[in-house]
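Let's take a friendly walk through a protein model. Have a look at the picture first, and then we will go through it step by step.

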Amino acid sequence: MNQKYAQKCLAVVAPAFAPGEQVTLVESVAIGKVPAGRQVAAAALAGVVSGGTVLVAVKPRAYYLVLTDRRMYLVDNVNGRVGRSIVSATPREKITAGPLRKHLLTLSMEVRFEGAAAPSRFSWGRVVAGSARAVAEALAG
């Protein structure tokens with residue numbers, strides 16, 4: 001991740017840090033899953049409406065992830081820029097992560113939050129495979 005964006009993320013979450021809390025990792029992550037049918041429908045609709053001149057891709061919502069030795073923070077991603085608010089701050093002991101899975105164009109992993117009904121799907125494109133592996137290692141260990 002770009003150093004400038006990492007510094008902006010830290011500026012957003014630093015006021016919420018407990019005394020002695022140390023940052024382990026700052027990365028971007030997409031959370032959620034978009035069904036294939038929805039992707040195809042959106043692409044087809046955009047193609048028909050625009051006469052084939054516009055291409056649309058539907059993807060999961062992006063966040064910035066700040067991982068510390070005590071908590072995992074999710075910061076808003078507003079059109080590729082760091083938002084001004086913390087979306088979630090979850091203690092590390094309430095998080096369990098599954099293995100990193102490889103797909104044709106993406107990498108993903110299921111992350112369970114204690115008390116949540118269903119797991120969240122964290123995903124990355126193959127281009128940022130290093131980020132995906134770093135997050136997977138940090139959450140596993």
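**Rings and strands**

This structure holds 2 aromatic pairs. Keep in mind that the model is a predicted one.

Start with Tyr5 and Tyr64, whose rings are stacked, with 6.1 Å from centre to centre and 15° between the planes. Tyr5 belongs to helix α1 (residues 3–13) and Tyr64 to strand β2, so this pair links distant parts of the chain, 59 residues apart. Are these two residues buried or exposed? Tyr5 has a relative accessible area of 23% and is partly exposed, while Tyr64, at 5%, counts as buried, because buried means under 20%.

Now find Phe17 and Tyr73, an aromatic pair that is tilted, with 5.7 Å between the centres and 50° between the planes. Phe17 sits in the loop between α1 and β1 and Tyr73 in strand β3, so this pair ties together parts that are 56 residues apart in sequence. Phe17 is partly exposed at 22% relative accessibility, whereas Tyr73 is buried at 0%.

Next, turn to the strands. Strand β2 (residues 61–68) has 6 buried residues out of 8, so the rest of the structure largely encloses it. On one side of the story is strand β1 (residues 23–31), which pairs with β2 in the antiparallel sense over 8 bridges; here Val23 has Thr68 in β2 as its bridge partner. Strand β3 (residues 71–78) also pairs with β2 in the antiparallel sense, over 5 bridges, and a hairpin of 2 residues joins β2 to β3. Tyr64, the residue stacked with Tyr5, has Val75 in β3 as its bridge partner.

How values were computed: Residues are numbered from 1 along each chain as its sequence is written. This is a predicted model: local features need pLDDT of at least 70, side-chain atom pairs count only at pLDDT 80 or more; totals for chains, interfaces and linings use all residues. Side-chain values use heavy atoms; hydrogens and water are left out. Buried means under 20% relative accessible area, exposed over 50%, partly exposed in between (1.4 Å probe, protein chains only). Helices (H or I, at least four residues) and strands (E, at least two) are DSSP runs, numbered from the N terminus. Two strands pair if DSSP finds at least two bridges between them. Rings of Phe, Tyr and Trp (its six-membered ring) pair if their centres lie within 6.5 Å; planes under 30 degrees apart count as stacked, over 60 as edge-to-face and the rest as tilted.
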